[in-house]
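Hello,

Here is the structure for you to look over.

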Amino acid sequence: MRSFSTLFLALLPLGALAGKHQHKSLRSRHANHARTLHVRNNTKSFVLQDMYTGQSFLNDWDFFSDPDPTHGSVNFQTKDQAIAKNLTFVQSDGTTVLAVDDTSALPPNSNRDSVRITSKKTYNGGLFIADFWAMPHGCSVWPAYWSVGPNWPSAGEIDVLEGVHNQPTNQYTLHTGPGCTLSSDNYRVSANAISSQCASSGADNNGCAFLDTDTRSYGKPFNMIGGGVYAHLWNSEGIKMWHFARGEIPADITAKQPNPASWPAPAAFWSAKSCSMNNFHDHSLVIDTTLCGDFAGATYVSAGCPGTCAGAVQNPDNFRFAKWKINYIATYQ
């Protein structure tokens, strides 16, 4: 993201302004590690295609180590660097941790080590279920779980979980080329629409977005209850997204027999009637944590954070909670 909306800052100082420019290293890559399990319900037949868990996040995802396209104050680490510095590891219970360095005191105007991973496999639709035990949060911190296609924004971007600092709830956002707007087509959703123009560029990168109303959807409140599940369904009808707090995850998800037709109303829905699904193709999944940058840096003061964003990056104590703890990500087709 290279810019942000002053309207967003006026109406929602803590809301996430999504957008992470496509980089050449995120373009289509293919790896065949699919596990198949046929799942049937009364409306759909799903196939469990990929189950990313534990070491598969290290083996089946690439570590992005170029400069941050969103101008964050981070040094994204290679796989070997991240493992050596204990910024990426698998716990004894199988949870995968992706962390920001929380031990090094830095001189002024320095970047802090962090991690950004991208699935080697690409997708053109499906049902995606991500179970996070914990997510990064804190002043200057900008985490995101998202997907993106080649030649941003022409192949689209889908932001499932994103925010900055200690904002109260999650924001769901789409970014596309021209001709796509937000409409839920009178479909009931639980989040609030806050921006309707999906078309994005370097000059206007707000995208079309919903803001969740559940304070358990982001940051410290999310972590205090052991996180939860984010699910999104991308098909010919559009894109729907759900958040389930830890104690409210549908049994069919736990049983690996997901039936979205039986779930409550989604948090967000973008109808294909106003946003063609041709805007989205060849997406890699991405998980990252950057610091300051185009969004968190610009909103640092309005978020009520102390001092300056650059100053916050120097102090390792600010990043004790800047960690992803991932149980799994499952993809169904």
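The model is predicted: local features need pLDDT of at least 70, side-chain atom pairs count only at pLDDT 80 or more, and totals for chains, interfaces and linings use all residues. Residues are numbered from 1 along each chain as its sequence is written, and side-chain values use heavy atoms, with hydrogens and water left out.

There are four disulfides, each a pair of cysteine sulfur atoms within 2.5 Å. In sequence order, the bonded cysteines pair 1-7, 2-5, 3-4, 6-8.

C305 bonds to C139, with the sulfurs 2.1 Å apart. The S-S torsion is about -90°, so this disulfide is left-handed.

C180 joins C275, S to S 1.7 Å. C180 sits in the loop between β12 and β13, and C275 in the loop between β17 and β18, 95 residues apart. Both C180 and C275 are buried.

C198 and C208 are bonded at 2.0 Å. Their link is right-handed, with 100° about the S-S bond. C198 lies in the loop between β13 and β14, and C208 in β14 itself, so the bond ties together parts 10 residues apart in sequence.

Strand β14 covers residues 208-211. (Strands are DSSP runs of E, at least two residues; helices are runs of H or I, at least four; both are numbered from the N terminus.) C208 and F210 point one way, A209 and L211 the other, and all are buried. β14 pairs antiparallel with β12 over four bridges; pairing takes at least two DSSP bridges. Three bridges join β13 to β14, also antiparallel.

Best wishes

Note on methods. Buried < 20%, exposed > 50% of the residue type's maximum accessible area, 1.4 Å probe, protein only.
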